[in-house]
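Good morning, and thank you for coming.

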Amino acid sequence: MKISSGITKFLILIGLSFFISFSASAKGKLTLYCSVGADVCEMIVQAFEKETGINTAMTRKSSGETLAQIKAESSNPKGDVWFGGTGDPHLTMAQEGLSYQYKSIHFDDLREAAQQQAVNGDYRTVGIYIGALGYGYNASLMSDKNLPLPTSWMDLLDPVYKGHIQMANPNSSGTAYTTLATILQIFGEDEGWDYMKKLHLNMNQYTKSGSAPIKAAGRGENTIGICFQHDAVKQSKKGLPVSVVSPAEGTGYEVGSMSIVDGARNLDEAIIFYDWALSPEVQTMIFTSGISLQVPANTKASADVDAPDLSTINLIDYDFKVYGNKDKRAELLAKWDNDVSTIPR
């Protein structure tokens, strides 16, 4: 049966009015797993509770830790929504049937990369922001130690940086897994693994969290931190002596993602949160707050004026479908554990 455009618009308006009205008066609860900065997680929870009345319990963990927790709880899910973290583990979650299939009412307004994340995950996940990989260094320490200023991925292999570099462990950190996948795509798998082994020799520590290395650099506890560029900018905005590097060879990027847990105890509230978090108003709130410097997924949302300009960064054609595949991910992490992390430094 053909429905006239006027009636269609009326039905859409009624549906949106119902959603807004229900959201405003909702009295339920939600368990949120959050993999962005703790300050951003707390801001999101406060805003969501204030707007919807839904009592929200939040746990903040890195991407790898959250995926492991969701897997462990799969027979009796305790979380409802996973917000943030790199897209690869969200795709793994989708492939393992651990996430719920849902297409947001804001889907058509999302950037192509965010939409493609949903398509790759059979609509069991979606992109919520985009961020370019890179690294940052403490300019004061570099000067004090008379170290050359690096501009590329290859520069980080110089023995002069031995003991001066930190990155996270790719088993626990989406940032570090993106780094590993990026290096393998830039240099090819054989040369890429050789690169990771040489980089390992210059490491002073592998952290649990992806943002920890650049935070340590900002505090002067570390010299160079591999991170997403927006995390380095965030340290600079605090007045810390951190300089951001977009590697000359090009770099990978993340499509930070969100997924509803399959079997969520609070599915209605999870869907409300999902659509709320993708709305242009909420995305603008998050990404102009000064504490979250990624590029928002919703094209109608605004970004922070200091957010890295993706159009000026040499982004590689990152293969999310391959490197987000659960078997590929398991293969790469096992090889890193066996062939890289065990090398004496």
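**The chain and its strand 4**

Let us start with the surface: the protein chain has an accessible surface of about 14500 Å², and 51% of that area belongs to carbon and sulfur atoms. Please keep in mind that the model is predicted.

The protein chain contains 14 helices and 10 strands. Its radius of gyration is 21 Å, close to the 20 Å given by the globule rule for 345 residues, so the chain is as compact as a globular protein of that length. Along the principal axes, the C-alpha atoms fill a box of roughly 70 × 40 × 35 Å. Of the 345 residues, 54% are buried. Among contacts with a separation of 6 or more, 76% are between residues 24 or more positions apart.

As for charge, there are 30 positive and 38 negative side chains, and the centres of these two sets lie 4 Å apart.

I now turn to strand 4.

Which strands pair with strand 4? Strand 9, residues 253-260, runs antiparallel to strand 4 and is joined to it by six bridges; here Val 126 stands opposite Met 258. Strand 10, residues 295-296, is also antiparallel, with two bridges, and Tyr 129 stands opposite Pro 296. Five bridges link strand 4 to the antiparallel strand 7, residues 224-228, where Ile 226 is the bridge partner of Tyr 135. Finally, four bridges connect strand 4 with strand 8, residues 242-245, again in the antiparallel sense, and Gly 136 has Val 244 as its bridge partner.

Notes:
Residues are numbered from 1 along each chain as its sequence is written. This is a predicted model: local features need pLDDT of at least 70, side-chain atom pairs count only at pLDDT 80 or more; totals for chains, interfaces and linings use all residues. Side-chain values use heavy atoms; hydrogens and water are left out. The radius of gyration is taken over C-alpha atoms; the globule rule is 2.2 Å times the number of residues to the power 0.38. Buried means under 20% relative accessible area, exposed over 50%, partly exposed in between (1.4 Å probe, protein chains only). Contact means heavy atoms within 4.5 Å. Accessible areas come from the Shrake-Rupley method with a 1.4 Å probe; for residues, only the protein chains shown count as cover. Lys and Arg count as positive and Asp and Glu as negative; His and the chain ends are not counted. The place of a charge is taken as NZ of Lys, CZ of Arg, CG of Asp or CD of Glu. Two strands pair if DSSP finds at least two bridges between them.
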